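Trainee: Could we go through this model together? I would like to start with a loop residue and then move to the strands and helices.

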Amino acid sequence: MHTSVTELLAIAVTSIGPDVDPLLVVIGAVVLAAGLLGRNAVRSRRSADDTSSDSAATDVEEPDTDADGGRGDVDTVEDLDVPRVPDTPAELLDDRLPAEVEPAPEPLTLGERFRRRLTRTRNVLGSSVVELFGGGVTEDAWEGLEEALITADVGVTATTELVEELRRRAREEGATDADAVIALLKQELRSALGSADRTLARAGDEGPTVWLVTGVNGTGKTTTIGKLAAVEQREGRSVTLAAADTFRAAAAEQLGIWAERTGAQLVRKDEGADPASVAYESYDAARSNDSELLIVDTAGRLHNKRQLMDELGKVKRVLEKQAGPLEETLLVLDATTGQNGIAQAKAFLEAVEVTGIALTKLDGSSKGGVVVAVQRELGIPVKLVGLGEEVDDLAPFDPELFVEGLFGEL
Amino acid sequence: MFDTLSTKLDAALDKVKGRGRLDEKTVDATLKEIRLALLEADVNFKVVKQITARLREQLVGEEVAKALNPSQTVIKAVDAELTRALGGAAVPLDLKGPAPSVVVLAGLQGSGKTTAAGKLATHLKSKGRNPMLVACDLQRPAAVEQLKVNAKRVGAHVYAPVTSGDPVPVAREGISKARETGCDTVIIDTAGRLHVDEVLLEQAADITRVVGEHGGVVRTLFVIDAMIGQEAVNVAKAFQDQVGFDGVILSKLDGDARGGAALSVREVTGAPIMFASVGEGMEDFEAFHPDRMAGRILGMGDVMSLIEKAEETYTEEETAKAEQALLSGDFTLEDFLDQLQMLKRMGPLQGLLGMMPGMSKQLKDVDIDDKQFAHVEAIIRSMTPRERRDPKGVLNGRRRKRIAAGSGTTVTEVNRLVKQFAEVQKVMKSAAKMSGQQGAKPKGAKGAKGQAAAMRQLQQQMGGGGPAGMGGFQGLQPAPRKGGKRR
């Protein structure tokens, strides 16, 4: 029986020719899926009956009805006699504001910060390259370089192509020692990162600049927005923040705390509200309070969820109806992300025409190699990098520094 | 187009078909593809090396079983090895001990700890436990608020006295609060921290130490994002060395990442992956199944999960009816509508079909959209029963116009559906005939075979270039389900 199941599956994975009516595919897919799942549900339920004395009813046990994780009503919870937690952003802020907003005594230059933050990266990739080619430009060294790049999340395809190109050039240009190869490697990486415009676009005289911030869950959208708001406010531009993440619990509160910290205006609605309507109202608000910049926070969403991506598309359309083309649509990408980062970038590019990437959490030991792959494959420039937890740790992405940072101590 | 591992393996093994044993050259050729597949799935480089080395040892000289071709033999071995490396069977979270038992959640920023806290509470409640969530993330703005909301959503107690300061005393007090309130389980949400941040790692270690002082069971769970890349190894190792953990929660597995990190983490820490977070809802949290993950990492879809989902959603009559409809040779639009309804109950159709191995890619150009199904559905619903049974025979121009008007579509769309459906129907009919000729076999076996034949035809109809590489899947037999139940 099992074989037939897997056979069905295999057949379900069909090659679809270009000339076939999509509707046939759709119908076929439904029939296949229904047939497959139906059969297996029956079979597996049957075998369950064979092996356990339980009735079939236990198989279809309903999930705990209390477990309403969605946007529905909440159960009342017995209140505990515990100290009260402050509810408003202002209250939350009181405890932490002073330490956080104080400017660092001796601010480092961008270059210094970049280098310092990338030290860990450099150690892994940079030094290993020196070691590799220290003994000459050998086959082992090339393989080692491949390994180093893959380990940096550059990805197999991009790595293979990069290294092949390097080998060709090394041969043709007679690079026979480590220095020469590293110089070539730097060149290749720089050209892979392209020379796109990495400045954040702003509107002309009319109306506020609008930046829409998107990304999958947990990449650091809200934090990035907070940091952006801090920088903009400090440079004298008034900012309105729109809490269009109406899904995640307390997302609006989190953004509210950033608004208070930075002196930005906040537009929010209740949890579960239509994010597009928050976006809509935020633009009106930004106009009427004369903000120069509107930054719209959106709920984290996995890029393979069509409905959520559609929802995001709607947010953007609503904004564009009012504001015209948005100045920036940023994708926040976690530097620890592996090859899935490319899929993310692709999907967001398709859904909302991403104009730039903010690469966050580059202060871990993650190498940010995904940047190379994304830029190479999709041409979306990295515009910002998150280098740490503090407000000032958001920096413009500089490919020269990035590559220098990778190999700075050589 | 059918660009999966099995195709590549078939190509690599093309020359050796029919040979009795796998020689070194053959094995190395296949291992190259497997290595690539694993790397693309974000399995750590070193871990890939270890796994392929082990596979090499197993495979060289391995006899190709009679029933399988070489690539099936290899895939079967790879699947078995990955499943084993992922931990074999699901490991439950053991919280037996004097109340309250404590679960500490730790991990990087954005890995999904606070959400996991709510989900774990839901899960434990369904097991009859009475959990209390304790807010020890005093770093991220509004993290405490988020935990409170999650607790409310899932109907769990919450202890969240402060929003800043030292989390260690909060953890300690949380235990006594739980005891006072009669909660038997404490779930502690901690701040996200970098694995290179020694100070914060130390703080996490302090929390786990302090909560252990009451003498009850303490389990630390490491929450890691299924999308994480090569760094998974270093992150997991740092947390294990400096905080220590008993199990892993793999979050955001409802994305399309192949999740090689799971393999990396398990391989370097040995800690079992206990749970997978598989959706936005608080109930979308389930026991981790190593056998299914293996297929996913290899890029072969997570079919067992789908089947299980179907099992929970379909009633027996429905499945029996669907089966009957498919095999009777009399597959009508009515039956199709039923199937559509059944599938829809399982979730958005696009996501669902995307979970089938390889499908996601095929359907990308087709742009399956739930709206499109809505049109199809509307058209069928605008038909009379007779029209649904025999659209080609009954439908004249006037009827078509009526249906188009009734469904808010156009006559062209109605025509298209009727035409395309007729194609599918033709295939189903001839397949049913074929299975009928196979004689009086037990219903189940005949059903499967007939259906397989039908599917194969349907696939060709859909423009496929033959079942290339499908053989590989036969090696990937789902493990027999134990008891057939999840909860």
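Trainee: Is B:K252 buried or exposed?

Mentor: B:K252 is buried, because 26 other C-beta atoms lie within 10 Å. A residue counts as buried if 20 or more other C-beta atoms lie within 10 Å of its own, as exposed if 12 or fewer do, and as partly exposed in between, with C-beta atoms placed from the backbone.

Trainee: Before we go on, what kind of model is this, and how are things labelled?

Mentor: This is a predicted model, in which local features need pLDDT of at least 70 and side-chain atom pairs count only at pLDDT 80 or more, while totals for chains, interfaces and linings use all residues. Residues are numbered from 1 along each chain as its sequence is written, and chains are lettered from A and ligands numbered from 1 in the order in which they are written.

Trainee: Back to B:K252, then. Where is it?

Mentor: B:K252 sits in the loop between β6 (247–251) and α10 (260–269) of chain B. Its phi is positive, about 60 degrees, although B:K252 is not a glycine. Helices (H or I, at least four residues) and strands (E, at least two) are DSSP runs numbered from the N terminus.

Trainee: Which residue of chain A has a positive phi without being glycine?

Mentor: A:A250 does, with phi near 65 degrees. A:A250 lies in the loop between β2 and α10 (251–262) of chain A. It counts as buried because it has 24 C-beta neighbours inside 10 Å.

Trainee: And where is the cis peptide bond?

Mentor: It joins B:A99 and B:P100, with omega at about -5 degrees. B:P100 belongs to the loop between α4 (70–85) and β1 of chain B.

Trainee: How covered is strand β1 of chain B?

Mentor: Strand β1 (residues 101–107) of chain B is mostly covered, with seven of its seven residues buried. B:S101, B:V103, B:L105 and B:G107 point one way, B:V102, B:V104 and B:A106 point the other way, and all are buried. In a regular strand the side chains alternate between the two faces of the sheet.

Trainee: Which strands pair with β1(B)?

Mentor: Strand β4 (residues 185–190) of chain B pairs with β1(B) in the parallel sense over five bridges, and B:S101 stands opposite B:T185 there. Strand β5 (residues 218–225) of chain B also pairs with β1(B) in the parallel sense, over six bridges, with B:V223 as the bridge partner of B:G107. Two strands pair if DSSP finds at least two bridges between them.

Trainee: Now chain A. What is the strand order in its open sheet?

Mentor: The open sheet of eight strands has the order β3-β2-β4-β1-β5-β6-β7-β8 (chain A), with mixed pairing. Its edge strands are β3 (265–267) and β8 (394–396) of chain A, each pairing on one side only. Within chain A, β2 (residues 239–244) and β4 (residues 293–298) run parallel and are joined by six bridges, and A:L241 stands opposite A:I295 in β4(A).

Trainee: Let us turn to helix α3 of chain B. How long is it?

Mentor: Helix α3 (residues 45–59) of chain B has 15 residues and reaches 21 Å from its first C-alpha to its last, close to the 21 Å expected at 1.5 Å a residue. The expected span is 1.5 Å times one less than the number of residues.

Trainee: Which residues of α3(B) are buried?

Mentor: B:V47, B:V48, B:I51, B:T52, B:L55 and B:L59 are buried in α3(B). Seen down the axis of α3(B), the buried residues fall within an arc of 125 degrees, so they line one face of the helix; the arc is that of the directions from the helix axis to the C-beta atoms. The face turned away from the buried side carries the exposed residues B:A53 and B:E57.
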